Amino acid sequence: QEKPPPRIEKISLALSQLYSGHTFKICAHRSKLCAPCNGSGALETETCGVCNGTGACVKTINMGGLIMQSHSVCFDCRGEGKKTTNLCSVCSGSGKIKEEREISIVVTPGTVDNEQMIFTEMCSEIDGYKRAGDLIIIISEKAQNNWIRKYDDLYTDVNLNLQIALIGGTVYIDDHPSNEQIPVIIPPATFTGDIIIVNDMGMPNKM
């Protein structure tokens, strides 16, 4: 087959990190086929003398004129038809070497919950597949205080004293994901449940 199934990792980020953008690095540990021995674990081999390179042994049994043959995997070469005479010193005969790769992950402002980032062929190389598998990073949004995100809009509750609710005034929001202090103009005769819109202070739009 072309590729094994992808490896999926989920990383949780705060709403403020998704608002302003965030860059971080992770280390990916993987194994790859050893180049000097081409993943075989051996630098030199010889044909198995027990099975003559076929990888199978044939046993003939004479049962009173009835000839039976049984086929089994060669115990000496384990069915490979050849035996190692010189192990690869790079991988110690395993056929694989360990590799650590640093991956830089750039989360752009306005990234949404469960957004996927695909890093091609960053997983281990596996026998039977032509190429290494992909790594998929899923960004998960962590809740922040009393903020609710709906698409690109941000919602929060503001408590008002009776005077401001009756005659109006200005209140300030200190925990906005931008880490800025946001002034909110309260009109006179504001009631519980009223919605006040502050333009351009929602999530950045990636479109």
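The radius of gyration is taken over C-alpha atoms, and the globule rule used for comparison is 2.2 Å times the number of residues to the power 0.38. For a compact globule of 207 residues this rule gives a value near 17 Å, but the protein chain has 32 Å. The model described here is a predicted one. Its chain contains two helices and 13 strands.

**Overall form and surface**

- Along the principal axes, the C-alpha atoms of the protein chain fill a box of roughly 110 × 40 × 25 Å.
- Of the 207 residues in the protein chain, 30% are buried.

**Nonpolar cores**

- In soluble globular proteins, nonpolar side chains tend to be buried together.
- The largest nonpolar core in this chain has 27 residues, of which Ile 105, Val 107, Phe 119 and Ile 137 touch the most other members.
- At least two residues of this core come from each of the following elements: β1 (7–14), α1 (15–20), β2 (22–33), β7 (96–107), β8 (115–119), β9 (135–142), β12 (169–173) and β13 (182–186).
- A second, separate core has five residues, including Cys 48, Cys 57, Cys 74 and Cys 77.
- Leaving out residues up to four places away in sequence, Ile 137 touches Glu 9, Ile 11, Ile 26, Ile 105, Glu 115, Gln 116, Met 117 and Phe 119.

**Val 184 in strand β13**

- Val 184 lies in strand β13.
- Val 184 counts as buried because its relative accessibility is 6%, and the cut-off for buried is under 20%.
- Apart from neighbours within four places in sequence, Val 184 is in contact with Gly 169, Thr 170, Val 171, Ile 173, Ile 196 and Val 198.
- The C-alpha atoms of Val 184 and Ala 132 are separated by 53 Å, and these two residues are 52 residues apart along the chain.

**The loop between β12 and β13**

- Asp 175 is found in the loop between β12 and β13, and Ser 178 is also found in the loop between β12 and β13.
- Asp 175 has a relative accessible area of 27% and is therefore partly exposed, as this class covers values between the 20% limit for buried and the 50% limit for exposed.
- When residues up to four places away in sequence are not counted, Asp 175 touches Gln 144, Asn 145, Asn 146 and Trp 147.
- Asp 175 and Thr 156 are 19 residues apart along the chain, and their C-alpha atoms are separated by 9.8 Å.
- Ser 178 counts as buried because its relative accessibility is 13%.
- The contacts of Ser 178, again without residues up to four places away in sequence, are Tyr 19 and Met 201.
- Ser 178 and Tyr 19 are 159 residues apart along the chain, yet their C-alpha atoms are separated by 6.6 Å.

**The loop between β9 and β10**

- Gln 144 is found in the loop between β9 and β10 (148–150).
- With a relative accessibility of 13%, Gln 144 counts as buried.
- Not counting residues up to four places away in sequence, Gln 144 touches Ala 14, Leu 15, Ser 16, Asp 175 and Pro 177.

**Residues with a positive phi**

- Glu 121 is not a glycine, although it has a positive phi of about 55°.
- Glu 121 is placed in the loop between β8 and β9, and at 25% relative accessibility Glu 121 counts as partly exposed.
- Asp 200 likewise is not a glycine, and it has a positive phi of about 65°.
- Asp 200 is found in the segment after β13.
- Asp 200 counts as exposed because its relative accessibility is 74%, and the cut-off for exposed is over 50%.

Conventions
Residues are numbered from 1 along each chain as its sequence is written. This is a predicted model: local features need pLDDT of at least 70, side-chain atom pairs count only at pLDDT 80 or more; totals for chains, interfaces and linings use all residues. Side-chain values use heavy atoms; hydrogens and water are left out. Helices (H or I, at least four residues) and strands (E, at least two) are DSSP runs, numbered from the N terminus. Buried means under 20% relative accessible area, exposed over 50%, partly exposed in between (1.4 Å probe, protein chains only). A nonpolar core is a set of buried Ala, Val, Leu, Ile, Met, Phe, Trp, Tyr and Cys residues joined through side-chain atoms within 4.5 Å. Contact means heavy atoms within 4.5 Å.
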